[in-house]
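Please report on the fold, the nonpolar cores and a few selected residues of this protein chain. Keep it brisk.

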Amino acid sequence: MSLLCQLATVSALQADMPAPESWLSATERTRLSTLGTPARRETFLAGRWLARRTVQRWRGSDRLPVLEVAPGGACRVVDPDGVFASISHSGDRVACAVAAAPVGVDIERLDRPRDHLAVARAVHGEAQQQALLDLPPEDRARHFLTLWTLKEAWLKARESGLDFAVMRSLAVDDVPDVDPDHDLATAEDGGFLLALAAVPALPLEIASSPALSWRRCRARRLAPD
């Protein structure tokens, strides 16, 4: 398959998860030791376990893959056979995307309280901020988070942390579903928004839950002011 995206709850992953000390890598153990709350540790372990199961399914293999934490915090597959993975979590939901190209995934709860206009000033360009301001308040969360998740996924596909300057420089254009030259896609799953990105482009085939309807789009870097 070209790209596999899987979603699960933390509790479902915990029910299927063997003792972490039997499968965590050294860099994952180090990262786990820095997490200060039980909830953050549980979410981290759930994401790492989902990533292993997703890589297994993508490969069609019974062998558990070895993963590490990249310097910027991204998920990296150790086995050098051209497979890439990305993890994201929000609330009790964990997402993982696996592909044969650098890939990024981001998931966000729609009902998470935040001042969307204030955050938009940090991560969106002027035209995107104005488009958000022009919307009725009840429509702003979905619009803001659609762009936010797409931009975060774009950065994750490059193993980059949050870079507000780069995020402000990104525009997103819709493309036809059959257009092979797209690097982003977004979908909604219940109360969550999900975004995918790949370098240089997403494959046309995205294997995921049948309930997900993917809208394909393309990132464009804006010229500096």
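**Overall picture**

This is a predicted model. The protein chain holds 7 helices and 11 strands. Its C-alpha trace spans about 50 × 40 × 35 Å along the principal axes. A compact globule with 225 residues would have a radius of gyration near 17 Å, and the protein chain agrees, because its value is 17 Å. Of the 225 residues, 48% are buried.

Taking contacts with a separation of 6 or more, 63% join residues 24 or more positions apart. The accessible surface is about 10800 Å², and carbon and sulfur atoms account for 54% of this surface. There are 27 positive and 30 negative side chains. The centres of these two sets lie 4 Å apart.

In soluble globular proteins, nonpolar side chains tend to be buried together. Here the largest nonpolar core has 28 residues. Leu13, Leu45, Val94 and Val98 touch the most other members. Strands S1 (3-9), S2 (67-69), S3 (75-77), S4 (84-90) and S5 (93-99) each supply at least two residues of this core, as do helices H1 (10-16) and H3 (38-59). H3 gives the most, with 8 residues. A second, separate core has 21 residues, including Ala153, Leu170, Ala195 and Cys217.

Setting aside residues up to four places away in sequence, Val94 touches Gln6, Leu7, Ala8, Val10, Leu13, Ala46, Gly47, Leu50, Ile87, Ser88 and His89.

**Residues in helix H3**

Leu50 lies in helix H3. Gln129 is 79 residues from Leu50 in sequence, and the C-alpha to C-alpha distance is 35 Å.

Thr43 is also found in helix H3. Beyond its neighbours within four places in sequence, Thr43 is in contact with Val10 and His89.

**Arg215 and its surroundings**

Arg215 has its place in strand S11 (residues 215-221). Apart from residues up to four places away in sequence, Arg215 touches Thr146, Asp174, Leu184, Ala185 and Thr186. Glu188 is 27 residues from Arg215 in sequence. In space, the two are 9.6 Å apart, C-alpha to C-alpha.

**Backbone points in two loops**

Which residues does a cis peptide bond join? Val199 and Pro200. Omega of this bond is about 0°. Pro200 lies in the loop between strand S9 (192-198) and strand S10 (206-207).

Glu159 is a residue other than glycine with a positive phi, near 50°. Its place is in the loop between helix H6 (137-156) and helix H7 (164-168).

Definitions and conventions:
Residues numbered from 1 in each chain as written. Predicted model: local features only at pLDDT ≥ 70, side-chain atom pairs only at ≥ 80, totals over all residues. Heavy atoms only, no water. Helix = DSSP H or I, 4+ residues; strand = E, 2+ residues; numbered from the N terminus. Rg over C-alpha atoms; globule rule 2.2 N^0.38 Å. Buried < 20%, exposed > 50% of the residue type's maximum accessible area, 1.4 Å probe, protein only. Contact = heavy atoms within 4.5 Å. Areas by Shrake-Rupley, 256 points an atom, 1.4 Å probe, with all protein chains shown as cover. Lys, Arg positive; Asp, Glu negative; His and termini not counted. Charge placed at Lys NZ, Arg CZ, Asp CG, Glu CD. Core = buried A, V, L, I, M, F, W, Y, C linked by side-chain atoms within 4.5 Å.
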